[in-house]
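Have the sequence and the model side by side as we go.

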Amino acid sequence: MPALTKRLSLSLAALCLSALPALACPTGKAVEIEWNGSQFAGQVLDGPDANGNCLVSYDGWDETWNEWVVVSRITNLDVAPPVAAACPVGASRQIEWNGSLWDGTILDGPNAEGACFVTYEGWDESWNEWASQDRIQPVEVAAPAGASCPIGASLEIQWNGDWWDGSVLEGPDAQGHCFVTYEGWDASWNEWVAPDRLRGAD
């Protein structure tokens, strides 16, 4: 009987552990992770493992910092990035660093704090970082009279003879073009388009 009880206990533990993925490790979700007494923004990558731990990454830190952590160190973030925060991925910008302005490009974002992930022109990726909005210089150009880009608006964008769902991220630029992203396509497809390639979504 003791041996049977032990087997039953192990089976129950395995059953409970099998329910952990949905319960304990929300893969792909932005979270806060406790590390050394402080909270850091990050993301759940995988899990749980055999011990019920989740694999996490830390925003702005390379993959060598990824680690398996106990669930009690993870806090789900149910807040959206600040409404005013915008990171037009692929757009060139000047970024303040150490009191000077440097040419760079926005790669990703915003994260939970509203920061944009940027790279610096002429510097390798080890210098890539999350930069707060106040460090990223706006585009100051004189757009043609009457030019307008409804930032955040969902619309259709003409590309190669077809119309595709997307939204406006930024603009207008000096030519009156709008910077757009295509729904379901990654940021490498973001581009500046002329107003005649935009129409309201049906």
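Q: Why is tryptophan 127 called partly exposed?
A: Its relative accessible area is 39%. Buried means under 20%, exposed over 50%, and partly exposed in between (1.4 Å probe, protein chains only), so tryptophan 127 counts as partly exposed. A word on the source: this is a predicted model, where local features need pLDDT of at least 70, side-chain atom pairs count only at pLDDT 80 or more, and totals for chains, interfaces and linings use all residues. Residues are numbered from 1 along each chain as its sequence is written, and side-chain values use heavy atoms, with hydrogens and water left out.

Q: How do you know how the rings of tryptophan 185 and tryptophan 189 are arranged?
A: With centres 5.4 Å apart and planes at 70°, that pair is edge-to-face too. Tryptophan 185 is partly exposed at 42%, and tryptophan 189 is partly exposed at 39%.

Q: Which residues do ring pairs link into a cluster?
A: Trp35, Phe40, Tyr58, Trp61 and Trp65. The whole structure holds 13 aromatic pairs.

Q: What is the mean pLDDT of the chain?
A: It is 78, and 78% of the residues reach 70 or more; pLDDT is the predictor's confidence in each residue, from 0 to 100. Over residues 1-23 it stays under 50.

How values were computed:
Phe/Tyr/Trp six-rings, centres within 6.5 Å; stacked < 30°, edge-to-face > 60°. Contact = heavy atoms within 4.5 Å.
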